[in-house]
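Please read them beside the sequence and the structure.

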Amino acid sequence: MSDEAAMTLEEIERLAAWCASAGIGEIELAETGFSLRLLVQAVVAPTPVAAAEAPKAETVFKGVRAPGVGVFRLDHPTTGHPVAEPGQTVRKGETVGVLQVGPCLKAVLAPADGVLGAALIKDGAVVGYGTPLYELA
């Protein structure tokens with residue numbers, strides 16, 4: 001195996017940390033003379049709950065979430081025009097943004113009818129699956 005094809009331990013640790021933060025459980029890389037397979041397991045510490053404590057109500061995000069991992073685009077990469085504008089009325093299934101994964105583009109769809117709020121993520125930011133992108137009123 002040549003030194004050019006191998007990854008350093010630091011690069012592997014960065015890749016594992018990125019996968020864990022993005023919610024990716026498994027990744028495999030292969031090149032001539034080099035292959036790497038990472039299995040990332042989430043470590044969940046049990047949280048003690050007092051018997052007398054009432055469960056806290058979680059705030060449910062009602063908006064548009066990322067449908068996968070990629071680079072979030074407010075403007076369509078091929079046209080340069082905004083895909084949707086804040087304050088715009090959108091219908092369920094309407095495209096409100098674009099997720100770019102390498103050369104591929106995936107539409108970000110409105111999950112329900114409503115009025116699109118301001119973007120919660122900047123154009124060009126890397127997002128993970130389920131990242132809140134827009135509020136929807």
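Is Asp-113 buried, partly exposed or exposed? Asp-113 has a relative accessible area of 44% and is partly exposed; buried means under 20% relative accessible area, exposed over 50%, and partly exposed in between, with a 1.4 Å probe and protein chains only.

1. Basis. This is a predicted model, in which local features need pLDDT of at least 70 and side-chain atom pairs count only at pLDDT 80 or more, while totals for chains, interfaces and linings use all residues. Residues are numbered from 1 along each chain as its sequence is written, and side-chain values use heavy atoms, with hydrogens and water left out.

2. Fold elements. The chain has one helix and 10 strands, in the order α-β-β-β-β-β-β-β-β-β-β from the N terminus. Helices (H or I, at least four residues) and strands (E, at least two) are DSSP runs, numbered from the N terminus.

3. Salt bridges. Two are present, a salt bridge being a side-chain nitrogen of Lys or Arg within 4 Å of a carboxyl oxygen of Asp or Glu. In one of them, Arg-91 pairs with Asp-113, with 3.7 Å between the closest N and O atoms. Arg-91 sits in the loop between strand 5 (89-90) and strand 6 (95-101), and Asp-113 in the loop between strand 7 (104-109) and strand 8, so the bridge ties together parts 22 residues apart in sequence. Arg-91 is exposed, at 57% relative accessibility.

4. Arg-73 and Asp-123 form a salt bridge at 3.9 Å, N to O. This pair links distant parts of the chain, 50 residues apart: Arg-73 belongs to strand 4 (residues 70-73), and Asp-123 to the loop between strand 8 (114-119) and strand 9 (126-127). Arg-73 is partly exposed at 24%, and Asp-123 is partly exposed at 39%.

5. Aromatic pair. The count is one; rings of Phe, Tyr and Trp (its six-membered ring) pair if their centres lie within 6.5 Å, and planes under 30 degrees apart count as stacked, over 60 as edge-to-face and the rest as tilted. The ring centres of Phe-72 and Tyr-134 are 6.0 Å apart and the planes stand at 80°, so the pair is edge-to-face. Phe-72 is in strand 4 and Tyr-134 in strand 10 (residues 132-136), 62 residues apart. Both Phe-72 and Tyr-134 are buried.

6. Whole chain. Of the 137 residues, 22% are buried. Among contacts (heavy atoms within 4.5 Å) between residues at least 6 apart in sequence, 54% join residues at least 24 apart.
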